[in-house]
Amino acid sequence: MEFKFWNGAIMLPPLHITIIAIIILFFLIKWSKQLETRRFTIFFYFLISTYIASIFSATTKDGVFHLWIPIGFIIVFLYMFGSKRYHPSKMKASILGLCIALYQLILQYVG
């Protein structure tokens, strides 16, 4: 979407992406209110969980193949598994981040 003003314009992502971002923010704010202290950590758990990384690359006839994994979610999950500060809201935020990471993986392989 594009909103034109005098000499400029504001470019927004497509409507479905904007709606999904608003829903994600709503859930993150709702879950952060369930924590008694350090409410902002929910956002960090979500952001770290969205990170994907290429762990293997190989050259083929068609080009270069990359094997991507959601390494951020794996790190956060292992940290929460070994930590005594487990809270269900943190796990919910991490799983939401995993969903975004899976969306990114789909875009890497399809695009």
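This briefing describes aromatic pairs, a nonpolar surface patch and selected residues of one structure. The structure is a predicted model, in which local features need pLDDT of at least 70 and side-chain atom pairs count only at pLDDT 80 or more, while totals for chains, interfaces and linings use all residues. Residues are numbered from 1 along each chain as its sequence is written, and side-chain values use heavy atoms, with hydrogens and water left out.

**Aromatic pairs**

- Six aromatic pairs are found in a search of the whole structure; rings of Phe, Tyr and Trp (its six-membered ring) pair if their centres lie within 6.5 Å, and planes under 30 degrees apart count as stacked, over 60 as edge-to-face and the rest as tilted.
- Phe65 and Tyr109 form a stacked pair, with 6.4 Å from centre to centre and 25° between the planes.
- Because Phe65 belongs to strand β4 (residues 64–69) and Tyr109 to helix α4 (residues 88–110), this pair ties together parts that are 44 residues apart in sequence. Helices (H or I, at least four residues) and strands (E, at least two) are DSSP runs, numbered from the N terminus.
- Phe65 is partly exposed at 37% relative accessibility, and Tyr109 is partly exposed at 42%. Buried means under 20% relative accessible area, exposed over 50%, and partly exposed in between (1.4 Å probe, protein chains only).
- One aromatic cluster is formed by Phe26, Phe27 and Trp31.

**Nonpolar surface patch**

- A nonpolar surface patch of about 1,200 Å² includes Met1, Phe3, Trp6, Phe26 and Phe27. Accessible areas come from the Shrake-Rupley method with a 1.4 Å probe; for residues, only the protein chains shown count as cover.
- Patches are made of residues with over 30% relative accessible area and no salt bridge, with like charges joined within 9 Å and nonpolar side chains (Val, Leu, Ile, Met, Phe, Trp, Tyr) within 5 Å.
- Helix α1 (residues 15–32) contributes the largest share of the nonpolar patch, namely five residues.
- Met1 is located in the segment before β1 (2–4), and Met1 is partly exposed, with a relative accessible area of 41%.

**Residues of helix α4**

- Lys90 lies in helix α4. Lys90 is buried yet has no salt bridge, and the nearest side chain of opposite charge, Glu36, is 11 Å away. A salt bridge is a side-chain nitrogen of Lys or Arg within 4 Å of a carboxyl oxygen of Asp or Glu; Lys and Arg count as positive and Asp and Glu as negative, whereas His and the chain ends are not counted.
- Val110 also lies in helix α4, and Val110 is exposed at 69% relative accessibility.
- Between Val110 and Thr37 there are 41 Å in space, C-alpha to C-alpha, and the two are 73 residues apart in sequence.
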